[in-house]
Amino acid sequence: DDQLFRPRDRAEARRRLGLPPDKKLVLYVGRLEKEKGVVDLLDAWHGLFKTRSDMELILVGDGTARAEAERRSAEPAHGGGIRLVGAKPLAEIPDWLAACDVLTLPSWNEGTPNVVLEALASGRRVVASRVGGIPDLLDPDGSGDTTLGRLVPAHAPAALAAALVQAAEE
C-alpha cells in the first residue's frame, strides 16, 4: 500500500513517537518468536550494545519470546538499549519504519515477507537472514550489492550484529 508505506521524514516520525533524535534505531516488526530469530537478535544485541550505546533496538510485536526480550531489556548490560512497544495496528507501522535507520528480520524461514517490502517502500535499509524470498528482495541479481540492505546467515548472531552496525552507518 503506497499510501501507507512511502518515504517519510525520520525526525518528524521520531518526534511523534517520542524516540531519541540522535540514536541509530534498529527496528524489528513481527511476531516475537524464536523461529523469527528474535532470540538470535537479542544475542546479537547483547554483544553489539557493549560497544555501541548510541544504538537502540525497538521490538514491535508480541509472542512467546516477549518474556525473554523483557528479561534481556532489564539487564544492565543493555542499559536501556532495547525498547519493547508491543503489537501495533498496521496504520501505525509506517511511523515506526520512518523513525528507524534499519529494519531487521533475522528469521529462520520466510517466504517473501511483507515487512521487508514495507521497509523498502519506506526508504529504509534492511538486515535480514538469507532465507526464502528475502535474497530476491535485497540482492536480486546476486551481486552482493548492499544498497538495499545486508543479508546474513540464519542462526548467526555475530554476523547479524556486524551487519546491523554496518547498515546503520551507511
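Visitor: How does helix 2 pass helix 7, in a left-handed or a right-handed crossing?

Guide: The crossing of helix 2 past helix 7 is right-handed. Please bear in mind that this is a predicted model.

Visitor: Within what distance do the axes of helix 2 and helix 7 come, and at roughly what angle do they cross?

Guide: The two axes come within 8 Å and cross at roughly 65°, with helix 7 spanning residues 157–169.

Visitor: Which residues of helix 2 and helix 7 meet?

Guide: From helix 2, the residues are D40, L41, D43, A44 and L48; from helix 7, they are P157, L160, A161, L164 and V165. By class, this contact comprises 8 nonpolar, no polar and 2 charged residues.

Visitor: How many cavities of 30 Å³ or more does the structure hold?

Guide: The structure holds 1 such cavity. About 40 Å³ of space lies in the largest cavity.

Visitor: Which residues line the largest cavity?

Guide: The lining is formed by D40, P106, S129, V152, P153, A154, H155, A156, P157 and L160. By class, 7 are nonpolar, 2 polar and 1 charged. Among these lining residues, D40, P157 and L160 also take part in the contact of helix 2 with helix 7.

Visitor: Where is H155 placed, and what is its phi?

Guide: H155 belongs to the loop between strand 6 (149–152) and helix 7. Its phi is near 65°, a positive value in a residue other than glycine. H155 is also one of the residues lining the largest cavity.

Visitor: How much space lies in the largest pocket, and which residues line that pocket?

Guide: The largest pocket holds about 150 Å³ of space. Its lining consists of V29, G30, R31, K36, G61, D62, L105, E110, P113, N114 and V115. The classes represented are 4 nonpolar, 3 polar and 4 charged.

Technical notes:
Residues numbered from 1 in each chain as written. Predicted model: local features only at pLDDT ≥ 70, side-chain atom pairs only at ≥ 80, totals over all residues. Heavy atoms only, no water. 1 Å grid on protein atoms, 1.4 Å probe; cavity = no way out; pocket = protein on both sides within 12 Å on 5 of 7 lines; lining within 4 Å. Points joined across faces, edges and corners; volume = space filled by probe spheres on them. Nonpolar A, V, L, I, M, F, W, Y, C, P; charged D, E, K, R; others polar. Axes fitted to C-alpha atoms, helices over the stretch in contact; angles between N-to-C directions. Helix = DSSP H or I, 4+ residues; strand = E, 2+ residues; numbered from the N terminus. Left-handed = near helix turned anticlockwise from the far one by under 90°. Contact = heavy atoms within 4.5 Å.
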